[in-house]
Amino acid sequence: MPPLRIGIVGAGIMGDMHGRVFARQSDCQLAAVCDLALEKAQTLAGKLGAPAAFASCEAMRAATPLDVVSICTPDSVHAAPAASRASRWTARSASPASWRRSTAPSTPAGR
Ligand SMILES: NC(=O)c1ccc[n+]([C@@H]2O[C@H](COP(=O)([O-])OP(=O)(O)OC[C@H]3O[C@@H](n4cnc5c(N)ncnc54)[C@H](O)[C@@H]3O)[C@@H](O)[C@H]2O)c1
């Protein structure tokens, strides 16, 4: 089975940590990093060997098929990347992309 293609949204402290963990897994391939600050995305992608960096999750989604998206943005901006994921992130239609962050700061907003 080919490695899971991983995308990191947010190249801050947690994006760096998640990216380093994914980069060590033999069954994962760090495919792309995005951050509103493109330079941060490029720096983290270069550090971890990801082949692509983007300034928005929409651009990343459009350019790169992904199996897993790790949303590492501040709490108040979890919802938009999560909504992008819901519309179409996945490279494998049979296995939906997953995340390990709350989708929004409150349950009503997450719905
Ligand atoms: N830092 C910690 O020790 C820690 C621990 C546990 C949980 N968390 C959680 O992890 C999340 C991220 O925290 P952090 O400390 O890494 O924050 P951070 O400020 O270091 O990094 C967040 C990054 O997200 C980017 N960003 C913001 N909006 C974006 C968007 N729409 N698309 C793409 N990139 C965007 C910012 O430019 C920034 O580089 C938060 O929900 C925080 O509560 C952090």
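Which residues of helix 2 (residues 38-48) are buried? In this predicted model, they are Ala41, Leu44, Ala45 and Leu48, where buried means that 20 or more other C-beta atoms, placed from the backbone, lie within 10 Å of a residue's own, while exposed means 12 or fewer and partly exposed lies in between. Residues are numbered from 1 along each chain as its sequence is written. Because the model is predicted, local features need pLDDT of at least 70 and side-chain atom pairs count only at pLDDT 80 or more, whereas totals for chains, interfaces and linings use all residues.

**Helix 2**
- Seen down the helix axis, the buried residues fall within an arc of 100 degrees, taken from the directions from the axis to the C-beta atoms, so they line one face of helix 2.
- Glu39 and Gly46, on the other side of helix 2, are exposed.

**The sheet**
- The open sheet is formed by 4 strands in the order 3-2-1-4 with parallel pairing, where strands (E, at least two residues) and helices (H or I, at least four) are DSSP runs numbered from the N terminus, and two strands pair if DSSP finds at least two bridges between them.
- Strand 3 and strand 4 (68-71) stand at the edges, each with a single partner strand, so one side of each is left without a neighbour in the sheet.

**Confidence**
- The mean pLDDT, the predictor's confidence in each residue from 0 to 100, is 81 for the protein chain, and 70% of its residues reach 70 or more.
- Confidence is lowest in helix 4 (residues 79-88), at a mean of 58, and highest in helix 2, at 98.
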